[in-house]
Amino acid sequence: MQPHGNDSFEVDRAVQDALDRLTLVANASEALSSTLELDPGLRRLCRVLVPAVADWCVIDLVEDEDRGEGRLRRAVVEHRDPNAVPPGFLEALLPPADDSSDAPLARALRGAGPLLLTDFPPSEEGTDALHRIELQTFQQLGAHRAVLVPLRARRQVLGVLTLVRTDQDGLEEQDRLPLIEDLAHRIAMAVDNARLHAEIATTAERLQRSLLPDLPDHGPLDIAARYDPARVSAEVGGDWYDAFLLPDGALTLIIGDVTGHDLKAAVSMSQMRNMLRGIACDRKEPPGKILARLDAANEILYPAQTLTCLYALVTKPEPDGPWLFHYGVAGHPAPLLVTRQGDARFLNEGRSLLLGADADTIRPDAIEPLPPDSTVLLYTDGLIERRSETFDDGMARLRQHAAALARSPLETFCDELMTGLGQASTDDIALIAVRIPPATSTAYTATAE
């Protein structure tokens, strides 16, 4: 029997309501998953909720809870009328939510809720600073009824979602509570995941920065280096640089990139760096042989690990002779030589496959005389690669930028390269540069301590 009259209308309405709710949940999930950055994701979510379920909404988050401070930050305020939100509404932390506070926000943070509000007294009647600010917000933005839901994840309240209607239109909050609680749960999981992701990325970056070496400052050679983690993903990878003096006075320069973009890659980078240091100090061999030994050790100890590496020695064998750059390149971008006159060219000899691909690969090396006051730049691919262009385009851009900075102090040279080329990068960047002294400089006589 087919439904008739009002029955048919009620069925159609129930089906439409269910579809609307499913659409809302799907759109909310998409907004939250569209970015790993917390605040942009929450703003996108609130634009889904307003005006679908509220005329305006607020998300307040607990900050520094791990240190026991429990300060509140008003992360998002979204109103159906953009002009209704006063300037500076999100600029400051809220007052503390004391355990004795009568503010609905404080009660929700203590785990109460969902809280349904239909009475909004003047802000002067607030019992504490947080309560007065909350009532003032209801007054400023208008409120006929509201619901506050704690954002719970892993047995913690991370914040509060406040949804407000300014008039009598729309469904009653009691009818929408299951939907609102589901949305609050999704928000809480997104907040928790974003914070976990940030903690992991921060730990990995701190680890990687702690493993980067202090640069030697002996002799007339000027040395500078930079490292910057990926800007988009906030992750770190296996990029590293190294520089140290061998007992015979040769300056060792190394740049490398271990495959991966996570904490494991940072740990692997440390292992490779330390292994290479040990081999270099023990063997004192040409760069090609050093890279071959590193490849053999990597195959035994870490058979699934691949990496690129550039190993070089800067020496001055004869007091009246030129400085020499003795280098080998295993799958890494070529070093760049920039003269004081602004001539820039890549050193394309001494090349072989990346490490970890074939341990039997022959590892050649090459020697390049370095003109006085010239600069040699070693870098990782994050400085040159862009998704929208070819590798050759990135190399040409680097050469042009470096040539224009040929006479700049070395620290400025590195800073300008990071600013001019690194801002658009989506990958980690490491670079190390050495400036050869002018022709009138004294001979290089530094030795390792």
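A crossing of two helices is left-handed if the near helix is turned anticlockwise from the far one by less than a right angle, and right-handed if clockwise. The exercises below concern a predicted model, in which local features need pLDDT of at least 70, side-chain atom pairs count only at pLDDT 80 or more, and totals for chains, interfaces and linings use all residues. Residues are numbered from 1 along each chain as its sequence is written, and side-chain values use heavy atoms, with hydrogens and water left out.

**Exercise 1. Describe the crossing of α8 and α9.**

Step 1. Helices (H or I, at least four residues) and strands (E, at least two) are DSSP runs, numbered from the N terminus. By this rule α8 spans residues 391-404, and α9 covers residues 410-422.

Step 2. Axes are lines fitted to C-alpha atoms, for helices over the stretch in contact, and angles run from 0 to 180 degrees between N-to-C directions. The axes of α8 and α9 come within 10 Å and cross at roughly 140°. α8 is therefore oblique to α9, given that angles under 35 degrees count as roughly parallel, over 145 as roughly antiparallel, 65 to 115 as roughly perpendicular and the rest as oblique.

Step 3. The crossing in which α8 passes α9 is right-handed.

Step 4. Contact means heavy atoms within 4.5 Å. On the α8 side, Arg397, Leu398, His401 and Ala402 meet Phe413, Leu417, Gly420 and Leu421 of α9. These contact residues divide into five nonpolar, two polar and one charged; Ala, Val, Leu, Ile, Met, Phe, Trp, Tyr, Cys and Pro count as nonpolar, Asp, Glu, Lys and Arg as charged, and the others, Gly among them, as polar.

**Exercise 2. Characterise the surroundings of aspartate 381.**

Step 1. Aspartate 381 is placed in the loop between β16 (375-379) and α8.

Step 2. Its relative accessible area is 17%, so aspartate 381 is buried; buried means under 20% relative accessible area, exposed over 50%, partly exposed in between (1.4 Å probe, protein chains only).

Step 3. With neighbours within four places in sequence left aside, aspartate 381 is in contact with Asp257, Pro333 and Asp427. Between the C-alpha atoms of aspartate 381 and glycine 394 the distance is 9.2 Å, for a sequence separation of 13 residues.

**Exercise 3. Examine the backbone at proline 51, arginine 154 and aspartate 373.**

Step 1. Valine 50 and proline 51 are joined by a cis peptide bond, with omega about 5°. Proline 51 belongs to helix α2 (residues 38-52).

Step 2. Arginine 154 is not a glycine, yet has a positive phi of about 50°. This residue is in the loop between β5 (145-153) and β6 (156-165), and arginine 154 counts as exposed because its relative accessibility is 57%.

Step 3. Aspartate 373, also not a glycine, has a positive phi of about 65°. The loop that holds aspartate 373 runs between β15 (366-370) and β16. Aspartate 373 is buried, because its relative accessible area is 17%.
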